[in-house]
Amino acid sequence: MNQIEKIIDIATWNRREHYEHFSAFDDPFFGVTVRVDCTRTYQEAKAKGISFSLLVLHRITTAAAAVEEFRYRIEGDKVVCYDSLLPEATVGRADHTFSFAAFEYDPDELVFIRRAKAEMERLQATTGLNKGDTFHPNAIHYSAVPWLSFTDMKHPTNMRSGDSVPKISTGKYFRNGERLMMPVSVTCHHGLMDGYHVAQFIEKLHL
């Protein structure tokens, strides 16, 4: 069960002024897009006969959870840190609509992929957004855009809801010499983290 690991003492927090400054913005989110070498993960997925996209999602979630700031959330007048992350993603359908999905995280990649694949198949037979089982406070929002090798990404953000959830997207991979490269977009609340923490995430993202 996902639980709050700790409550940040804002009064003594070394980011207090950063948090107060950026939280007053109409849009306090910042974003960067980087190209990540995904050759190894692609080869592993093909060798094992498993979903490349779900293997990428598992490794993204694992890397994000390893950086504490990615588990920070603003809840009312508090900043809390959760003990884990739950990946919430979009699942495409044949009619080009999509559903929201919440996938149960498991440290075992094959277990995660098996469960996520079953949930995707269930949702692909439905209609609408299926919002009822999503929007967990410790979620990380993920979307794949496999049609475009984008160089930037803009996410819709509902600031009226006090949104502070990191948003990560991947694009169409492409060949660069003998390597496969994939654009990875990371969008985060600037009151909770900086580019340094995004760089930590990219360092831990072993694709």
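Is Phe135 buried, partly exposed or exposed? At 48% relative accessibility, Phe135 counts as partly exposed. Here buried means under 20% relative accessible area, exposed means over 50%, and partly exposed lies in between (1.4 Å probe, protein chains only).

This is a predicted model, in which local features need pLDDT of at least 70 and side-chain atom pairs count only at pLDDT 80 or more, while totals for chains, interfaces and linings use all residues. Residues are numbered from 1 along each chain as its sequence is written, and side-chain values use heavy atoms, with hydrogens and water left out.

Stay with Phe135 for a moment. Phe135 sits in the loop between H4 and strand S7 (139–145). Helices (H or I, at least four residues) and strands (E, at least two) are DSSP runs, numbered from the N terminus. The phi angle of Phe135 is near 65 degrees, a positive value in a residue other than glycine. His96 also has a phi to look at. Its value is near 70 degrees, positive in a residue other than glycine. His96 lies in the loop between strand S5 (86–92) and strand S6 (98–102). With 76% relative accessibility, His96 counts as exposed.

Glu88 is buried, at a relative accessible area of 5%. What does Glu88 touch, not counting residues up to four places away in sequence? Its partners are Ala101, Ala102, Thr134, Phe135, His136, Ala139, Ile140, His141 and Tyr142. Contact means heavy atoms within 4.5 Å. Leu57 is 31 residues from Glu88 along the chain, and their C-alpha atoms are separated by 9.8 Å.

Leu57 belongs to H3, at its contact with H4. Helix H3 covers residues 52–65, and helix H4 covers residues 109–124. Their axes come within 10 Å and cross at roughly 120 degrees. Axes are lines fitted to C-alpha atoms, for helices over the stretch in contact, and angles run from 0 to 180 degrees between N-to-C directions. Angles under 35 degrees count as roughly parallel, over 145 as roughly antiparallel, 65 to 115 as roughly perpendicular and the rest as oblique. The crossing of H3 and H4 is right-handed. A crossing is right-handed if the near helix is turned clockwise from the far one by less than a right angle, and left-handed if anticlockwise.

Which residues of H3 and H4 make the contact? H3 supplies Leu54, Leu55, Leu57, His58 and Arg59. H4 supplies Glu109, Phe112, Ile113, Ala116, Lys117 and Met120. By class, this contact has 7 nonpolar, 1 polar and 3 charged residues. Ala, Val, Leu, Ile, Met, Phe, Trp, Tyr, Cys and Pro count as nonpolar, Asp, Glu, Lys and Arg as charged, and the others, Gly among them, as polar.

H3 also meets helix H2 (residues 39–48). The axes of H2 and H3 come within 9 Å and cross at roughly 130 degrees. H2 and H3 are therefore oblique to each other. H2 passes H3 in a right-handed crossing. On the H2 side, the contact is made by Arg40, Thr41, Tyr42, Glu44 and Ala45. On the H3 side, Phe52, Leu55, Val56 and Arg59 take part. This contact has 5 nonpolar, 1 polar and 3 charged residues.

Now turn to the rings. Rings of Phe, Tyr and Trp (its six-membered ring) pair if their centres lie within 6.5 Å; planes under 30 degrees apart count as stacked, over 60 as edge-to-face and the rest as tilted. By this rule the count comes to 11 aromatic pairs. In one of them, Trp13 and Tyr19 have ring centres 5.7 Å apart and planes at 50 degrees, so the pair is tilted. Both Trp13 and Tyr19 are buried. Phe52 and Tyr173 form an edge-to-face pair, at 5.6 Å centre to centre and 85 degrees between the planes. Phe52 lies in helix H3 and Tyr173 in the loop between strand S8 (167–171) and strand S9 (174–176), so the pair ties together parts that are 121 residues apart in sequence. Phe52 is buried, at 14% relative accessibility. Tyr173 is partly exposed, at 34%.

The last stop is Cys188, in strand S10 (residues 179–189). Cys188 is buried, with a relative accessible area of 0%.
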